[in-house]
Amino acid sequence: MRDENIIPHDHAIKLDDRVKLGGHLPKLIWFTGLSGSGKSTLAGAFEVELYKLGYRTYILDGDNVRSGLNQDLTFSEKDRTENIRRIAEVSKLFVDAGIVVLTAFISPFAEDRKQARDLVGSKNFAEIFVDCPLEVCEARDVKGLYKKARAGEIPNFTGISSPFEEPIDPDVHVKTHEESLEESLSKLKSIILPKLAPSFPPGRV
């Protein structure tokens with residue numbers, strides 16, 4: 001419930017003005033998948049491609065955000081939901097600033113991802129399912145987390161002791177155990193880039 005004394009200020013510069021200045025539409029590109037599926041690698045590579053093409057971008061990555069903004073949160077189901085809520089709120093600010101923001105979080109619960117989509121609006125949201133079988137992710141175990149989870153050292157670990165609810169109809173579905181990074185990037189570019197094109201000549205204010 002919002003405090004009646006909190007009254008948001010209406011600023012002179014609007015999103016349309018920022019889009020005209022930047023020359024592209026904003027977007028929240030939401031990468032979701034198991035730990036070790038390749039979310040951060042793919043998001044980082046895609047940001048490089050976008051940057052080369054002149055898009056203004058920013059990545060919000062799981063461990064980085066939990067090291068600062070969300071360092072007070074645990075990995076309980078309640079706190080994981082709050083983690084995603086805060087990320088969605090920050091992403092909304094980036095979208096309003098006219099930026100393409102890429103998020104790389106496990107975000108295992110479908111309802112949490114839906115709330116993020118609803119918050120920024122469907123037209124500003126693209127869900128990327130970074131699909132990779134649990135056994136492959138566990139074999140990679142880049143951070144040694146699966147080993148700890150199997151030993152009972154990490155509670156509520158997605159795929160082991162906590163569920164991952166796969167996206168039913170993602171905007172882009174990549175399979176990192178079958179595709180090369182270049183193939184996944186090509187798929188992303190073919191689907192996402194057209195969604196970033198404004199309906200006016202770039203740079204016109």
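First, my terms. I call two strands paired if DSSP finds at least two bridges between them. Strands (E, at least two residues) and helices (H or I, at least four) are DSSP runs, numbered from the N terminus.

Next, the ground rules. The model is predicted, so I took local features only at pLDDT of at least 70 and side-chain atom pairs only at pLDDT 80 or more, while totals for chains, interfaces and linings use all residues. Residues are numbered from 1 along each chain as its sequence is written, and side-chain values use heavy atoms, without hydrogens and water.

**Entry: the sheet.** I looked up the strand order. I found five strands in an open sheet, β2-β3-β1-β4-β5, with parallel pairing. β2 (57–61) and β5 (172–175) each have a single partner strand, so one side of each has no neighbour in the sheet. The twist averages 20° from one strand to the next; axes are lines fitted to C-alpha atoms, for helices over the stretch in contact, and angles run from 0 to 180 degrees between N-to-C directions.

**Entry: the pairs.** I checked β2 and β3 and found five bridges. Leu60 has Thr103 in β3 as its bridge partner. β1 and β3 also pair over five bridges, and Lys27 stands opposite Val100. Four bridges join β4 (residues 125–131) to β5. There, Asp131 is partnered with Lys175.

**Entry: β3.** Are its residues buried or exposed? I used under 20% relative accessible area for buried, over 50% for exposed, and partly exposed in between (1.4 Å probe, protein chains only). Five of the five residues of β3 are buried. Val100, Leu102 and Ala104 point one way, Val101 and Thr103 the other.

**Entry: Lys27.** This residue sits in β1. Lys27 is buried yet has no salt bridge (a side-chain nitrogen of Lys or Arg within 4 Å of a carboxyl oxygen of Asp or Glu). I noted Asp171 as the nearest side chain of opposite charge, 7.4 Å away; Lys and Arg count as positive, Asp and Glu as negative, and His and the chain ends are not counted. A polar atom of the Lys27 side chain lies 2.6 Å from the backbone oxygen of Lys123.

**Entry: Thr32.** Thr32 is also in β1. Its relative accessible area is 0%, so I list Thr32 as buried. The Thr32 side chain reaches the backbone oxygen of Ile106 at 2.8 Å.

Notes: Polar contact = N/O pair within 3.5 Å; in protein donor to acceptor, adjacent residues only side chain to side chain.
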